[in-house]
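The following note sets out points for a colleague's reading of the structure. It begins with a single side chain and then moves to its surroundings.

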Amino acid sequence: MPIDAAKAIAAEPRSAEITWDHKDVQLYHLGLGAGVPATDPDELRYTLESKLHVLPSFATVAGAGMGFVGGLGAPGIDVDLAAVLHGGQTITVHRPLPVAGRATTTSRVAAVYDKGKAAILVLRAEAADADGPLWTSDAQIFVRGEGGWGGDRGPSSRTELPDRAPDRTVERPIREEQALLYRLSGDWNPLHADPEFAKLAGFERPILHGLCSYGMTLKAVVDTLLDGDVTRVRSYSTRFAGVVFPGETLRIRMWAGDGRVQVSVTAVERDDAPVLADTVVDHA
C-alpha cells in the first residue's frame with residue numbers, strides 16, 4: 001500500500017529555516033485583491049510598508065509556502081500527485097505575524113484517515129522564531145484511491161450554518177490576472193496559469209488557487225466584522241468545496257457569534273456554486 005499510516009506518523013519531523021520581509025507580505029496582499037481603492041486608508045494597511053500589518057493567512061505562503069508538497073515525500077507516503085487534492089486548511093495564530101521575520105518550521109504527518117475510496121493526510125507545519133511559537137498550519141490532503149485499509153475514518157468536519165439570514169454579505173470580484181499575481185507568492189502550479197494544462201486537468205480554463213480564495217475570505221471577514229484588526233484572528237479553517245475562475249465574483253456570507261464567525265463562500269456567476277464550506281474564523 002502506498003500509504004503506511006503508522007510509518008508516516010512515527011517519522012521524524014522535518015525542519016527548515018524560512019524568511020520573509022515587507023515585500024513578500026505586500027505581494028501576498030495584492031494577490032488577494034488588496035489595494036482597491038489604492039488610496040483608501042483601510043487598504044493601505046495591506047499595501048503601504050509604513051502602515052503594514054499581516055493577514056494571518058500569509059502563513060500559508062511565508063517562506064514561499066506550499067510546505068505540504070514536501071510533506072507528501074515523508075516516509076510512508078508514496079502517492080501519485082495527480083490523485084492529490086488540497087481538501088482543507090486550518091491556521092492557528094499564536095501571536096501576530098511580524099512584517100519581516102526569520103523562523104524555523106517543523107513539519108510532520110499529524111494524522112492519516114481512511115475514507116474508504118480515499119485517504120486524508122493531515123500535514124502539520126509549526127513555525128517559531130526567537131520569541132516563541134508563531135503559527136500552526138494544518139493542510140488536509142485528499143488522496144483518491146488510497147483508502148480502504150480499515151483505518152480510523154477521522155472526525156467529521158461539517159459545520160452547520162445558522163438557520164437565519166447572514167449578518168453580513170459582501171461580494172469580492174476576482175480580477176482576470178489575479179491568479180497570475182497570486183502565484184508569485186510561491187504556488188507555481190500551471191493549473192492556475194496555462195490554459196492547455198488546465199484543459200488536461202478537466203477545466204475549461206485556469207482556475208484560481210484555493211488558498212487565494214481562502215485569503216480573500218479572511219480579509220473580507222477582518223474588514224467587515226473585526227474592525228480591520230488582523231490581530232483579533234485566533235484561528236481560521238475551511239474546506240475547499242469547489243473551484244472559482246478569474247473574472248468571477250465571490251459571494252461571502254457571514255454569521256457572527258460569540259468569538260466566532262461562520263462563513264459560506266460561493267461563485268456568483270454560477271448560481272452560487274460552492275467554493276469554500278465549513279469555514280470558521282475564531283477571534284478575540
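1. Trp-20 is buried, at a relative accessible area of 5%; buried means under 20% relative accessible area, exposed over 50% and partly exposed in between, with a 1.4 Å probe and protein chains only. The model is a predicted one, in which local features need pLDDT of at least 70, side-chain atom pairs count only at pLDDT 80 or more, and totals for chains, interfaces and linings use all residues. Residues are numbered from 1 along each chain as its sequence is written, and side-chain values use heavy atoms, leaving out hydrogens and water.

2. The search of the whole structure gives six aromatic pairs. Rings of Phe, Tyr and Trp (its six-membered ring) pair if their centres lie within 6.5 Å; planes under 30 degrees apart count as stacked, over 60 as edge-to-face and the rest as tilted. Trp-20 and Trp-135 make a tilted pair, with 5.8 Å between centres and 50 degrees between planes. Trp-20 lies in strand 1 (residues 14–20) and Trp-135 in strand 5 (residues 132–144), 115 residues apart; strands are DSSP runs of E of at least two residues, and helices runs of H or I of at least four, numbered from the N terminus. Trp-135 is also buried, at 3% relative accessibility.

3. Tyr-28 and Phe-58 form an edge-to-face pair, 5.7 Å centre to centre with 65 degrees between the planes. Tyr-28 belongs to helix 2 (residues 22–31), whereas Phe-58 sits in the loop between helix 3 (41–47) and helix 4 (67–71). Tyr-28 has a relative accessible area of 0%, and Phe-58 one of 1%.

4. Trp-20, Tyr-28, Phe-58, Trp-135 and Tyr-182 form one aromatic cluster.
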